[in-house]
Amino acid sequence: MLNTSGLLYLSARAMSAAGNLLAVIIFSRMAGPAEYGHYVFIYAWALIAYGFSAQWMRFAYFGVYHLDRFGEYIASLARLLAAGLAMAALVLLGIGLFGLFEPSFLVAVFALVCGMAIYEAAFEVARTLLNARGASLAMILRAVLTVGFGSLALHLGGGARGLALAIALAHIIAAIPALATFSQVRWRHSSRAAALHIVSYGWPLLLSFGVTAVGQSIDRLLLAHYLGMETLGPYGVVADMLRQSFVVVGEAIILALVTVAKTQANRGDREGAAQTLQKAFNACLAAATFGAAFFIVFGDALLRLVLQSEFVAPMHDLIPIFAIAFAFVTMRNFYFAQVIYFTTASYLELV
């Protein structure tokens with residue numbers, strides 16, 4: 001069902017996921033439930049800040065880019081990202097001045113936002129230019145550097161905030177292979193028309209990804225507030241283990257099939273795009289269904305093999321719920337949230 005690029009993406013994503021799972025296992029053992037819960041708390045706030053500031057831009061770019069004007073759109077995307085990160089910095093600075101969070105906590109949050117924004121934007125451009133090799137290398141490099149830098153930070157006593165800074169650095173360095181894909185593009189290539197095109201198409205996505213980020217993080221924020229970091233740690237570990245497992249196939253599907261369908265649509269081949277999207281739907285449905293069934297039956301035993309009992313035991317009854325939830329998330333994120341880019345109605349993402 002997957003083409004050559006799809007197989008390359010799937011292989012790279014599988015290796016990346018293996019690295020991410022290894023990172024969760026290592027970090028949870030080195031940090032312990034409370035400290036790892038603190039890291040999950042930092043990451044949850046970073047996702048919210050990223051969702052409202054920069055995440056929408058990469059998907060808006062995907063919805064409107066033209067290969068015959070790729071330099072203009074890439075440079076315009078870079079300028080918009082810089083503006084979005086500057087706004088995020090100002091908001092976090094204001095929060096710090098009001099004393100709502102410690103400065104070191106906000107620095108860790110902003111570092112993660114910057115790392116994710118640079119990596120994800122570079123990756124998005126590389127895959128729309130059909131550079132599967134550069135994008136795949138970036139995925140693998142991010143996983144390797146995450147494990148290495150994160151383990152070193154914890155070993156040196158950096159704690160949750162040091163871990164967040166290390167992972168942010170891993171994202172930035174891992175973006176280099178993707179950035180090399182369009183290294184000839186310069187800031188001066190940007191245009192007001194391209195920037196306005198991205199913004200006019202994508203502004204509903206700002207609300208959508210912000211709301212989605214809050215929805216995906218609110219459970220962790222509530223757990224941290226009411227039950228503390230020691231409860232949030234096991235919850236975050238188990239949820240991340242299952243989420244990564246579903247993401248492997250889901251991302252391979254959108255990176256290969258959905259990207260190809262978008263290229264076909266841009267060239268006017270609507271019938272070919274529809275057929276490719278049908279394959280993407282079938283693949284997503286199979287991944288969601290069989291993934292949920294697998295974790296409902298074998299999830300508890302599998303997690304006990306790789307995680308310490310202090311992380312798995314408190315979450316035993318939640319594993320089937322996570323499995324079903326991530327099955328729905330797979331269909332939502334890797335199919336229904338992708339087909340909007342074949343229409344002029346980006347507000348459907350918010351709906």
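Predicted model: local features only at pLDDT ≥ 70, side-chain atom pairs only at ≥ 80, totals over all residues.
1. Helix α9 spans residues 229–266 and helix α10 spans residues 270–306. Their axes come within 9 Å and cross at roughly 170°. Since angles over 145 degrees count as roughly antiparallel, α9 is therefore roughly antiparallel to α10. The residues of this contact comprise 22 nonpolar, five polar and two charged.

2. Helix α9 also packs against helix α12, residues 319–339, at an angle of about 25° and with the axes 9 Å apart. The two helices are therefore roughly parallel to each other, and the crossing of α9 with α12 is right-handed.

3. On the α9 side, the residues making the contact with α12 include Tyr 235, Leu 242, Arg 243, Phe 246, Glu 251 and Val 258. On the α12 side, Ile 319, Phe 322, Phe 326, Thr 330, Phe 334 and Gln 338 are among the contributors. By class, the residues of the contact of α9 with α12 are 14 nonpolar, three polar and two charged.

4. The largest nonpolar core contains 116 residues. Those with the most contacts inside this core are Ile 42, Leu 112, Leu 205, Leu 242, Leu 303 and Tyr 341. Helix α9 supplies the largest share, 17 residues.

5. Apart from neighbours within four places in sequence, Tyr 341 is in contact with Phe 59, Phe 62, Gly 63, Tyr 201, Leu 205, Phe 209 and Lys 262.

Note on methods
Residues numbered from 1 in each chain as written. Heavy atoms only, no water. Axes fitted to C-alpha atoms, helices over the stretch in contact; angles between N-to-C directions. Helix = DSSP H or I, 4+ residues; strand = E, 2+ residues; numbered from the N terminus. Parallel < 35°, antiparallel > 145°, perpendicular 65-115°, else oblique. Nonpolar A, V, L, I, M, F, W, Y, C, P; charged D, E, K, R; others polar. Left-handed = near helix turned anticlockwise from the far one by under 90°. Contact = heavy atoms within 4.5 Å. Core = buried A, V, L, I, M, F, W, Y, C linked by side-chain atoms within 4.5 Å. Buried < 20%, exposed > 50% of the residue type's maximum accessible area, 1.4 Å probe, protein only.
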